[in-house]
Amino acid sequence: MRNSNLLTVSLALSAAVVAPSLAMGGGVLTWYNDRAAFRADNKNHGKFLKGIEDFEESILEPDRGVPHDDPLDSTTTQFPYPNGILMENIRIQSRKADGTPRGARGLAAVSAPAFGVTSDVVLANQAVDSLDLIFLDELKSGIGFDVLDVFGNQTGVDVSVYDLGDNFLGSMVYPGDAAGSNFAGVWSTRAIGRINLFSTGGGAQGADNVEMWVVPEPTSMIALLGGGLMLLARWRRRKA
């Protein structure tokens, strides 16, 4: 049974690159469980790193968890994200069974080491809900992140991908834990509009270190490349 409120088969993907799968409505998804392979393939396909959202903009004290209303994005002014998150092209929000966000207290902001997390993270607060990563431009073709699954049986997190018209493209179940030890990545021949996460074992799901790869406009290719290299350097320093 799912816990009603966060705050009150582990699948072994043996290969770094999982076989491509046909996407409904056309297109192909390629799945990854290795961040280095995911990055290399995106670069080989001419993609550029738009940014990495690690949720470290939180001002929450260590070892705490607090509710947060839907949604969380760069315009948020609510504690513990009074200045929002860094990346302007992603929105995080809960998703009820009827497809709508829960709204009030829909999310939970958690700081290490509470509940076993190892950094600042954002989860769905109501464990009956799933979590949406919504992308706010038309350029996203590669999305990768560390898979979070807190509480529950940790039998896996279903990662479902949708295009800009919210048409289902495909899904894959990845192992997840509180520490975000497992990487999930997907590359799509069609622009990605939304990724939905759902813990199959009754846990509270989330994503950390979300990196977004794009097909840049010709005038922005040099700027994006330089910015992507700086973002990777910053992320590596934080992880060191």
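# Exercises on loops, a helix and a strand

Pro80 sits in the loop between β4 (65-68) and β5 (90-95). Keep in mind that the model you are looking at is predicted.

## Exercise 1: Two prolines

Find what kind of peptide bond joins Phe79 to Pro80, and what kind joins Ala112 and Pro113.

**Solution.** 
- Step 1. Go to the loop between β4 and β5, where Pro80 is found. The bond from Phe79 to Pro80 has an omega near 5 degrees and is cis.
- Step 2. Move on to the loop between β6 and β7, which holds Pro113. Here, too, the bond is cis: omega between Ala112 and Pro113 is about 0 degrees.

## Exercise 2: Around Asp120

Which residues does Asp120 touch, leaving out those up to four places away in sequence?

**Solution.** 
- Step 1. Find Asp120 in the loop between β6 (107-110) and β7 (121-124).
- Step 2. Check its accessibility: Asp120 has a relative accessible area of 11%, so Asp120 is buried.
- Step 3. List the contacts: Asp120 touches Asp54, Phe55, Glu56, Ser58, Tyr81, Val110, Ser111 and Asp208.

## Exercise 3: From one end of α1 to the glycine after it

Find which residue caps the N-terminal end of α1, and which residues Gly46 touches, not counting those up to four places away in sequence.

**Solution.** 
- Step 1. At the N-terminal end, Asp34 is the cap, with a side-chain oxygen 3.1 Å from the backbone nitrogen of Ala36.
- Step 2. Along the helix (residues 35-44), the buried residues are Arg35, Ala37, Phe38, Arg39 and Asn42.
- Step 3. After α1 comes Gly46, with a positive phi near 80 degrees, in the loop between α1 and β3. Its relative accessibility is 36%, so Gly46 counts as partly exposed.
- Step 4. Now look across the sequence. Gly46 touches Val214 and Pro216. Between Gly46 and Val215 there are 7.1 Å from C-alpha to C-alpha, although they are 169 residues apart in sequence.

## Exercise 4: Asp132 and its partners

With which side chains does the side chain of Asp132 make a polar contact?

**Solution.** 
- Step 1. Asp132 is in strand β8 (residues 130-135). With a relative accessible area of 1%, Asp132 is buried.
- Step 2. Leaving aside neighbours within four places in sequence, the residues in contact with Asp132 include Arg91, Ile92, Arg95, Arg194 and Asn196.
- Step 3. Pick out the polar contacts. The Asp132 side chain makes one with the side chain of Arg95 at 3.1 Å, and another with the side chain of Asn196 at 2.8 Å.
- Step 4. Compare sequence and space: Asp132 and Asn196 are 64 residues apart in sequence, yet 4.6 Å apart from C-alpha to C-alpha.

Technical notes. Residues are numbered from 1 along each chain as its sequence is written. This is a predicted model: local features need pLDDT of at least 70, side-chain atom pairs count only at pLDDT 80 or more; totals for chains, interfaces and linings use all residues. Side-chain values use heavy atoms; hydrogens and water are left out. Helices (H or I, at least four residues) and strands (E, at least two) are DSSP runs, numbered from the N terminus. Buried means under 20% relative accessible area, exposed over 50%, partly exposed in between (1.4 Å probe, protein chains only). Contact means heavy atoms within 4.5 Å. A polar contact is a pair of N or O atoms within 3.5 Å; within protein, one must be able to donate a hydrogen and the other to accept it, and residues adjacent in sequence count only if both atoms are side-chain atoms.
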